[in-house]
Number of protein chains: 2
Amino acid sequence: MRTTNACSTDVQSIMGNQMQTLLLKKEEVRKLISMKEVIGTVEEAYKAFSSKRVMQPGYIGMHLPPPRGEIDFKLGYYMNNEVISMKASSGGFPDNPRLYGVPSGMGTVLLFDARTCALICVMDGSLLTGLRTGASGAVSVKVLARKNAKTIASIGTGQQARMQIRAIREVMDIGSIHAWSRTADTLVSYKADIEREFGIPVILANSAKEAVEQADILITTTRGKGPVVQSDWVRPGTHIIAIGTDQQGKQELQPDIFRNAKIVNDSLEQCCEKGETWHPLNEQIITRNDIHGEIGEILLSKKPGRENDEEITIFDSTGMAIQDNTASAKIYQNALDNKVGTFFEFIE
Amino acid sequence: MRTTNACSTDVQSIMGNQMQTLLLKKEEVRKLISMKEVIGTVEEAYKAFSSKRVMQPGYIGMHLPPPRGEIDFKLGYYMNNEVISMKASSGGFPDNPRLYGVPSGMGTVLLFDARTCALICVMDGSLLTGLRTGASGAVSVKVLARKNAKTIASIGTGQQARMQIRAIREVMDIGSIHAWSRTADTLVSYKADIEREFGIPVILANSAKEAVEQADILITTTRGKGPVVQSDWVRPGTHIIAIGTDQQGKQELQPDIFRNAKIVNDSLEQCCEKGETWHPLNEQIITRNDIHGEIGEILLSKKPGRENDEEITIFDSTGMAIQDNTASAKIYQNALDNKVGTFFEFIE
């Protein structure tokens, strides 16, 4: 049986006892990883993906009969850490809190030691998607936003909009946030939360246009079904983080914005199939050749990031299983290092 | 929060507390369900499948770099018990016992309450596939074997060959077993194990032909890559249980056997794509119209089972997620009823 090496981060260290499964609760997961660490793991994930060091089979999911939502299962294997992750994620169960006392969406992550396929960890996965998606925007800021960027426009003011700020403030100084939402209530609570938690002034915009026109960095997290941002609102030099569109039928940006922008994807395949990038492709505003590349290629210095202060850059983030893998493997490793969690022997 | 009703088997009773997840170890799972119960759950699964009361998205899996094997993930939702099951199954890791002290194949089952997608159970799934596959043959014996069947031929003498006998003896009196295997060692231990455990005499055949010619019921569990049973060896009235072929590239029966047989599938779609039934279809010995139907249709009395003592019947079993669902949901229910297992709160 292996013992844990608390310092090194190589393959050997991450593995615990093959016969023991570590159980991690939601509150433990919350304390086991910092946003700074999540950003590091997402950066690693993007590099790994663009280096072909991962396996990510297509996910499986099910839509339950209405008014229930959906559950899906995403599988990722990373050859460097020798961890296979499986994340089950549910969402869209509006009756859960009232009728059953549980959140409307939940998650579970299983980690397997890829050398044996032993189950080494079961952790609550409710926080993971939010964290690693928040980190994705921050990673893009490092290589695609202007160095002198100060002002953020946030179109959408829900949980993920907050998470984007939480992550981006780790990689730049945010001067102010111009926020807009369809619903006035969430806008007001977003302002209160952000100002209290981070001390960043939030200006409530009267329209999406008013917010976007101020932006050095524009974040869209609405999961909308049609464009909310128009092309002529976007100033030269803006970096756009397009988060909301991760499946067919969703859209946030007028496709014309892509015409002269530097387009960067997390996964070319996914973004062209179901990301924001699908729309301009579908309307033949761009071809696949007009896509600059994957963010992993930029992080690996295979392709340039931002090249001047005038270009508009777009990062289309659809989310990948390998982000779940590297982030949850880090949580697991931190738990072993800090002796957090409960061991359980499913097999003896 | 719900409390458990120990007697009824309806939707309400199977659900525990939505905030608590029941953990079940391998040894607990082993004691929590009898083969008779597994047979009942597999019968229910077949009926549910042919009644369109299930959702079973295509499975996802990965082949690890050699000499490692594979891991796959199968998802099933059964509308009657309102349980979603996800089974992770690994196999083919020859170095596991020697280098890591774990079995060469393992399994984990997650159960979700389909009303909320709360994680209600994590159980070891190492035994499940063997049990529910064993039960599949027994279910077919009930509706497809001759009532006066006594003699079994077992082509293949591994773990699943034993499991078939363990299940079939629950539904008929087995007079004797004529066994054959490519490897003499496993043949001898099979005889010893079966005679000790069940008191059924095992006759070691000198050839596959010698065994098959004696059979009222023929079981093939070799997972072979080419036909081991020839058409002219099979007597009229034989019932064939074809277990070994569950993916492209595997084959156990000479396709000609299908020509005048009553062909029954667990899932028409799966058997035609990757079961033993694929071979005669591929060689144009039969068309899809020559397939009698699914075993669920017979169990639901929508189609006849065996109609006379002369016909040769073939049950092609490829295995379905819904079998994992009904069997593991029963294990979970038995655990709640008998207060077995350990509760863990992943969310609080």
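Predicted model: local features only at pLDDT ≥ 70, side-chain atom pairs only at ≥ 80, totals over all residues.
B:Ser140 counts as buried because its relative accessibility is 0%, where buried means under 20%. If you set aside the neighbours within four places in sequence, the residues in contact with B:Ser140 are B:Ala145, B:His239, B:Ile241, B:Ile295 and B:Phe315.

**The aromatic pairs**

Over all chains, the structure holds six aromatic pairs. In chain A, select A:Tyr46 and A:Phe315, whose rings are edge-to-face, with 6.0 Å from centre to centre and 80 degrees between the planes. A:Tyr46 belongs to helix H3 (residues 35-50) of chain A and A:Phe315 to strand E17 (residues 313-316) of chain A, so that the pair links distant parts of the chain, 269 residues apart. A:Tyr46 and A:Phe315 are both buried.

Now move to chain B, where B:Tyr46 and B:Phe315 form an edge-to-face aromatic pair, at 6.0 Å centre to centre and with 80 degrees between the planes. Because B:Tyr46 lies in helix H3 (residues 35-50) of chain B and B:Phe315 in strand E17 (residues 313-316) of chain B, this pair ties together parts that are 269 residues apart in sequence. Both B:Tyr46 and B:Phe315 are buried.

Return to chain A and select A:Thr313, a residue of strand E17, which is buried with a relative accessible area of 0%. Apart from neighbours within four places in sequence, A:Thr313 is in contact with A:Leu144, A:Thr238, A:His239, A:Ile240, A:Lys262 and A:Arg306. One of these, A:Thr238, is 75 residues from A:Thr313 in sequence, yet the C-alpha atoms of the two are 6.5 Å apart in space.

Next, select helix H6 (residues 159-168) of chain A, which is largely enclosed by the rest of the structure, because eight of its 10 residues are buried. Among the buried residues of this helix are A:Arg162, A:Met163, A:Gln164 and A:Ile165.

**Backbone stops**

Most residues other than glycine have a negative phi, and most peptide bonds are trans. With that in mind, select A:Pro66 and A:Pro67, which are joined by a cis peptide bond with omega of about 5 degrees; A:Pro67 lies in the loop between strand E3 (60-63) and strand E4 (70-78) of chain A. In chain B, a cis peptide bond joins B:Pro66 and B:Pro67, with omega of about 10 degrees.

Then go to A:Gln284, in the loop between helix H10 (278-282) and strand E16 (291-294) of chain A, where phi has a positive value near 55 degrees in a residue other than glycine. A:Gln284 counts as exposed, at 71% relative accessibility. A:Lys339, in the loop between helix H12 (321-338) and strand E18 (342-344) of chain A, has a positive phi of about 55 degrees although it is not a glycine, and A:Lys339 is exposed, with a relative accessible area of 76%.

**Zooming out**

Finally, display the whole of chain A, with its 12 helices and 18 strands. The radius of gyration of chain A is 20 Å, close to the 20 Å that the globule rule gives for 348 residues, so chain A is as compact as a globular protein of that length.

Definitions and conventions:
Residues numbered from 1 in each chain as written. Chains lettered and ligands numbered in written order. Heavy atoms only, no water. Helix = DSSP H or I, 4+ residues; strand = E, 2+ residues; numbered from the N terminus. Rg over C-alpha atoms; globule rule 2.2 N^0.38 Å. Phe/Tyr/Trp six-rings, centres within 6.5 Å; stacked < 30°, edge-to-face > 60°. Buried < 20%, exposed > 50% of the residue type's maximum accessible area, 1.4 Å probe, protein only. Contact = heavy atoms within 4.5 Å.
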